[in-house]
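This report covers aromatic pairs and the packing of helices. The sequence and structure come first.

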Amino acid sequence: MNHTTEPKTRDRAVLHFVRHAVEMLVAMIAGMIVLEPVWSFAWPDLAKNVTASALVMATNMSLGMALWMRIRRHGWASIAEMSAAMYVPYVIFLPFFWTGLVSGSTLMTAGHVLMVPSMLVAMLRRRAEYGA
């Protein structure tokens, strides 16, 4: 084993992993920005329904991310896992919102903040794909 090339290979894998994570964050934001006007037109009172707003937000992010992942030639299983990662934080917090234990703003904030670790878990599950 050549120890001088191993750190370079590992560093390259880490950089690739980080680059992919940043690309996913940018794609998620793009999905929110591009699709929000569509939802505002199609469902003008959407903001009044916190549950629907949370799920639409996760959908917008998932669509932006899925499109970018497809462009980058990721498989459908990876895209499905990464998309599911967008919904997991909301699915976890929605019952707390429904029972009045957290507010709508707490739900939305927690959902957005926890999407990143949720996404990283999905990426770590397929470390070879995202770090290659």
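Rings of Phe, Tyr and Trp (its six-membered ring) are taken to pair if their centres lie within 6.5 Å; planes under 30 degrees apart count as stacked, over 60 as edge-to-face and the rest as tilted. By this rule the structure holds two aromatic pairs. The model is predicted, so local features need pLDDT of at least 70 and side-chain atom pairs count only at pLDDT 80 or more, while totals for chains, interfaces and linings use all residues. Residues are numbered from 1 along each chain as its sequence is written, and side-chain values use heavy atoms, with hydrogens and water left out.

**Aromatic pairs**

The ring centres of Trp39 and Trp43 are 6.5 Å apart and the planes stand at 50°, so this pair is tilted. For Phe93 and Phe96 the centres are 6.1 Å apart and the planes at 55°, so that pair is tilted. Phe93 and Phe96 both lie in helix α3, three residues apart, about one turn of the helix; helices are DSSP runs (H or I, at least four residues), numbered from the N terminus.

The table gives relative accessible areas; buried means under 20%, exposed over 50%, and partly exposed in between (1.4 Å probe, protein chains only).

| Residue | Relative accessible area | Class |
|---|---|---|
| Trp39 | 28% | partly exposed |
| Trp43 | 33% | partly exposed |
| Phe93 | 21% | partly exposed |
| Phe96 | 39% | partly exposed |

The expected span of a helix is 1.5 Å times one less than its number of residues. Helix α4, with 22 residues, reaches 31 Å from its first C-alpha to its last, close to the 32 Å expected.

A bend at a residue is the angle between axes fitted to the seven residues ending there and the seven starting there. α3 bends by about 35° at Tyr87, with Pro89 following within four residues. α4 bends by about 35° at Met115, and Pro117 follows within four residues. The buried residues of α3 include Pro89, Tyr90 and Leu94; Met115 is among those of α4. Just after α3, Gly100 has a positive phi of about 80°.

What angle do the axes of α3 and α4 make where they cross? The axes of α3 (residues 76-98) and α4 (residues 104-125) cross at roughly 145° and come within 7 Å. Such axes are lines fitted to C-alpha atoms over the stretch in contact, and angles run from 0 to 180 degrees between N-to-C directions.

Note on methods. Helices (H or I, at least four residues) and strands (E, at least two) are DSSP runs, numbered from the N terminus.
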